[in-house]
Amino acid sequence: MDFLRPASWEEALAAKAEHPAAVPIAGGTDVMVEINFDHRRPEYLMDLGRIGDLEEWEVGEESVRLGASVPYSKIMEHLRAELPGLALASHTVASPQIRNRGGVGGNLGTASPAGDAHPALLAAGAEVEAESVRGTRRIPIDAFYTGVKRNALEPDELIRAVHIKKADGPQQFSKVGTRNAMVIAVCAFGIALHPRTRTVRTGIGSAAPTPVRAQAAEEFLNAALEEGGFWDNGKIITPSVAKRFADLCAGACNPIDDVRGTASYRRHAVGVMARRTLTWTWESYRGARRTTQGAA
Amino acid sequence: MRIDFTVNGRPQEADDVWEGESLLYVLRERLGLPGSKNACEQGECGSCTVRLDGVPVCSCLVAAGQAQGREVVTVEGLADHARQRACSTGARGTSLDEAKAWQPQGADSQTGEGTELSPIQQAFIDAGAVQCGFCTPGLLVAADEMLERNPSPSDADIREALSGNLCRCTGYEKIMDAVRLAAARQSEGV
């Protein structure tokens, strides 16, 4: 094994071009487990820890450019207002020790269906900034996950940053596990209300071969909210609408039975989380409307 | 490969380090500092918790090469680290021999002053928070860092800060007592 220590992003890209099999390591919370357990013996291990840019973020007009190695603890601390869904998801990642090291770039690189950041990214809307010596491209988050632990990166590409849309409405994240800390999701659900475009987006984790959006559920809910004038009148969501939304979210799952839970449990739990998080976010939206517009 | 880094305030070097080796392995097997414990090797148990550039991390998940040029504090250097924090002068550090020879002795059970123990270590002894002791070093490093950041933590803050450290003996109640005790003593300035 060779240990590569690029001192700059350009050096890292050159090294990745020369050794496409090189495994990038940042927080190490996935890669080191595989090495410790002898599940993986990469020929080249490439430490990204010397590239300071990767741990920085910029808050723009429309979106946040989040460096690939910004640790979850920093997202929780500094980006709660801009990225509430991702901040909530970050808080459920493992433990403080892990959140101090791990970041969204690694979650995307590993592309596990159980990665905690994925539902929040899908719900908020995001693009992955991938770069190689050949150039930079932005991969829409919906097209990024291509299979179990597979993603759309080319062998010579590295993830530099993620561009995540700033919240324009309430967001929620919910995760099922046996305790609050140190849990790989049995399943997880993210939801984001986008009042500006009058749309709702979702993200489901650990209930299909890849993280997925519940698109049929989104389309149904968008139409129902529009038809009932809910965005304007701020009425409580009809139980039948919430139930149909929950059923469609459960229907978007394609889960398996494994040690953490059965497929039918996952489907059921995703439905429950969908209904609850819809209620939480909608109540929050109604509350904000009341205070800003004085509506009943 | 060779690693140069700072451990407990002193520059150290480790030679012939395998590229896939963890920081934990280097600390224990190459520098002779077995305080950080090796258990799960997957970041679940927190027994290997150290400070890396001040931040608590699982040393089993840090590749040794990633520690190049960085500062590590282990449980063996915790007393000195706490002393420096209290005085904020005289950055002396702990040599490898001192660290290896560290013993939890001579503690004044009331104040921990003038002893080889940091306040959090003394509080763990006084509160009976140590049973088999295997999880203790990781808990001490994590708890000490929390008290540095948050001098008057709520119970929820303590539980959150220690949520990455498993203890299979105590049921955590005595550990909670110990951290509350250390926080209370810290706020009284003893």
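Strand 7 of chain A, residues 135-140, is hardly covered: among its six residues, the count of buried ones is zero. Here buried means that 20 or more other C-beta atoms, placed from the backbone, lie within 10 Å of the residue's own. Please note that this is a predicted model, in which local features need pLDDT of at least 70 and side-chain atom pairs count only at pLDDT 80 or more, while totals for chains, interfaces and linings use all residues. Residues are numbered from 1 along each chain as its sequence is written, and chains are lettered from A and ligands numbered from 1 in the order in which they are written.

What is the partner of strand 7 of chain A? Strand 6 of chain A, residues 126-132, pairs with strand 7 in the antiparallel sense over six bridges; pairing requires at least two DSSP bridges. A hairpin of two residues links these strands of chain A, and A130(A) stands opposite R137(A).

I turn to the helices. In chain A, helix 8 (residues 215-227) and helix 10 (residues 239-251) pack with axes 8 Å apart at about 160°. Helix 8 of chain A is therefore roughly antiparallel to helix 10 of chain A, a term for angles over 145 degrees. Their contact includes F220(A) and L221(A) from helix 8, and F245(A) and L248(A) from helix 10; contact means C-beta atoms, placed from the backbone, within 7 Å.

In chain B, the axes of helix 4 (residues 119-127) and helix 5 (residues 136-149) come within 9 Å and cross at roughly 125°.

Definitions and conventions: Axes fitted to C-alpha atoms, helices over the stretch in contact; angles between N-to-C directions. Helix = DSSP H or I, 4+ residues; strand = E, 2+ residues; numbered from the N terminus. Buried ≥ 20, exposed ≤ 12 C-beta atoms within 10 Å, placed from the backbone. Parallel < 35°, antiparallel > 145°, perpendicular 65-115°, else oblique. Contact = placed C-beta atoms within 7 Å.
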